[in-house]
Amino acid sequence: MCRELIPAGSVFAFLAEHRRVLFPLEAFADMYAPVNGRPSVPPDLLATVVVLQALHGLSDEEALAALRFDLRWKAACGLGLYEQGFDPSLLTYFRRRLARSSRPDRIFEIVRTVVEQTGVLTGRTRRALDSAVLTDAVATQDTITQLIAAIRRVARQVPGAAAIIAAHCNAHDYTDPGKPKIAWDDEEAKTALVSALVTDALTLLGQLAGQDLDADAARAVGLLALIAGQDVEPAVGSDGTDGRWQIARRIPPDRIISTVDPEARHIHKSAQQRDDGYKAHLAVEPETGLFTAVALHPGAGADNHEAAVAPALLAGENGLLQILADAAYAAAELRAVLTAAGHRLLIKPPALKPAVVGGFTLDDFTIDTTAGTLTCPAGHTVALAAPAGRYQQRRATFTGLCTACPLHDRCTTAKTGRILTIRPHHDLQAAARHQAATDPDWQADYRRWRPMVERAVAWLVARGNRRLPYRGTHANDRWLHHRAAALNLRRLINLGLAYLKNTWTLIATTP
């Protein structure tokens with residue numbers, strides 16, 4: 001309807017013509033029971049709305065309003081002028097079916113198949129890795145709010161817990177949705193409230209210990225146990241057995257920041273940038289700006305670090321690559337794995353910090369890991385100890401050699417002598433630092449191609465999409481894949497995507 005009014009070369013015009021080819025019914029057949037017939041709203045229409053919704057950053061209600069009133073949406077989805085679409089709740093059901101299916105990211109996979117058929121990435125072997133902070137959809141809660149909310153959740157989800165709370169927990173009326181009635185500017189009153197709330201939480205956990213709980217109830221009890229211990233410590237002069245607690249003067253590295261979304265975390269992307277939410281991990285072909293892989297993880301924890309996630313982003317690649325990344329990906333273990341696989345690495349090494357400002361760094365020492373020796377800038381040579389400890393590190397101790405050394409003030413502040421720690425893969429990391437500092441080809445390639453990933457990140461977070469629409473890792477990971485699929489599709493259309501002779505191809509467009 002009114003298709004001639006839709007701008008040629010737009011995503012709307014492309015979907016109007018190729019929607020059913022892009023999203024055939026058989027691509028979603030496994031999501032529906034064959035005995036019940038086809039769904040009342042065909043999956044190609046739902047998938048088209050999901051793509052347009054992710055592209056424009058709309059809520060379910062906003063997307064369905066656009067489908068009802070925007071001629072571009074009607075044309076893209078194949079609706080007539082007077083057709084009203086469907087209820088927004090069907091998008092929720094569709095996403096749930098996708099999440100529970102064997103291929104929850106199939107929309108992204110479908111667009112990736114289009115990318116492969118076009119051959120746009122043939123011969124383009126660069127992959128830029130990066131991460132972007134995406135803020136969560138909930139408010140960050142303080143300790144008192146979290147304790148009360150966690151106890152209320154246990155009351156709702158654990159059978160019999162409400163009666164236990166009414167009988168044994170007296171710090172607050174947990175049936176009252178309001179905040180405790182205290183003088184909030186009185187520090188003693190707040191400390192007393194924290195002590196009482198922690199005592200209530202521990203009492204409740206003790207009463208529920210040993211009970212056979214279902215999954216939801218067990219999660220609620222586990223969350224309460226975490227909340228009760230993460231932000232508090234025994235008060236001064238107490239070991240906690242007397243019921244006196246205080247808010248700890250520290251922030252746990254994996255702190256839960258909201259009982260509404262227990263998977264959201266504090267994120268320190270840098271010393272200056274601090275946010276709450278999740279990290280989107282991205283692999284991008286820098287010349288075209290196409291996302292080759294994406295993943296969303298909580299923003300804290302060793303398993304969610306950039307270097308830990310990177311291998312999964314590259315797992316679907318074939319052949320040798322040139323990998324570009326900033327210092328967040330410079331972990332020795334990742335560098336060793338990628339080097340062993342034969343890839344060319346343009347991963348920026350982190351700067352070494354001298355023990356004395358302006359003094360010598362580790363690279364000013366001559367280190368022979370094979371011979372097990374280390375020589376300082378003054379010419380003193382000592383032996384490297386055997387690998388030891390959890391991380392199998394080697395130590396070199398200059399005890400007695402530094403006191404009278406003329407280079408002492410440029411080397412160390414230690415009175416007895418400098419101690420150096422040599423980590424596994426030291427030679428690999430040292431070679432990487434040397435190459436980054438001296439190789440003009442490395443420097444030119446890094447300066448040319450690494451910044452291109454910032455363009456893809458800017459596309460990802462545009463239109464208010466830095467703020468996530470859902471709660472939890474899995475729901476937001478699905479959204480990230482839909483967003484990346486929509487952006488990839490738009491980029492392909494701009495590059496001249498066409499469907500000719502039953503295959504996807506690119507036709508060069510004239511500017």
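These are my notebook entries on a predicted model of one chain.

**Ground rules.** I number residues from 1 along each chain as its sequence is written. The model is predicted, so local features need pLDDT of at least 70 and side-chain atom pairs count only at pLDDT 80 or more, while totals for chains, interfaces and linings use all residues; side-chain values use heavy atoms, with hydrogens and water left out.

**Entry 1, whole chain.** I looked up the secondary structure and found 17 helices and 15 strands. Helices (H or I, at least four residues) and strands (E, at least two) are DSSP runs, numbered from the N terminus. The C-alpha trace spans about 90 × 70 × 40 Å along its principal axes. Of the 511 residues, 47% count as buried. Buried means under 20% relative accessible area, exposed over 50%, and partly exposed in between (1.4 Å probe, protein chains only). I then took the contacts between residues at least 6 apart in sequence, and 63% of them join residues at least 24 apart. Contact means heavy atoms within 4.5 Å.

I listed the buried residues of α8 (residues 161-168), and they are Ala-161, Ile-164 and Ile-165. Seen down the helix axis, these fall within an arc of 100°, so they line one face of α8. The arc is taken over the directions from the helix axis to the C-beta atoms. They pack against α7 (143-157) and α9 (187-208). On the face turned away from the buried side I found the exposed residues Ala-163, Ala-166 and Ala-167.

I checked how α6 (residues 106-118) packs with α17 (residues 473-494): the angle is about 30° and the axes are 8 Å apart. Axes are lines fitted to C-alpha atoms, for helices over the stretch in contact, and angles run from 0 to 180 degrees between N-to-C directions. The two helices are therefore roughly parallel (angles under 35 degrees count as roughly parallel, over 145 as roughly antiparallel, 65 to 115 as roughly perpendicular and the rest as oblique). Their crossing is left-handed. A crossing is left-handed if the near helix is turned anticlockwise from the far one by less than a right angle, and right-handed if clockwise. On the α6 side the contact includes Phe-108 and Val-111, and on the α17 side His-481 and Leu-492 are among the residues. By class, I get 9 nonpolar, 4 polar and no charged residues. Ala, Val, Leu, Ile, Met, Phe, Trp, Tyr, Cys and Pro count as nonpolar, Asp, Glu, Lys and Arg as charged, and the others, Gly among them, as polar.

I repeated the check for α16 (residues 452-461), whose axis comes within 10 Å of that of α17 and crosses at roughly 115°. This pair is therefore roughly perpendicular, and the crossing is right-handed. Arg-455, Trp-459 and Leu-460 of α16 meet Leu-480, Arg-483, Leu-487, Arg-490 and Arg-491 of α17. The classes here are 4 nonpolar, no polar and 4 charged.

I looked up Ile-247 in strand β3 (residues 245-247). Ile-247 is partly exposed, at 34% relative accessible area. Beyond its neighbours within four places in sequence, Ile-247 contacts Thr-143, Val-194, Asp-231, Val-232 and Glu-233. Leu-320 sits in the loop between α11 (306-314) and β7 (322-325) and counts as exposed at 54% relative accessibility.
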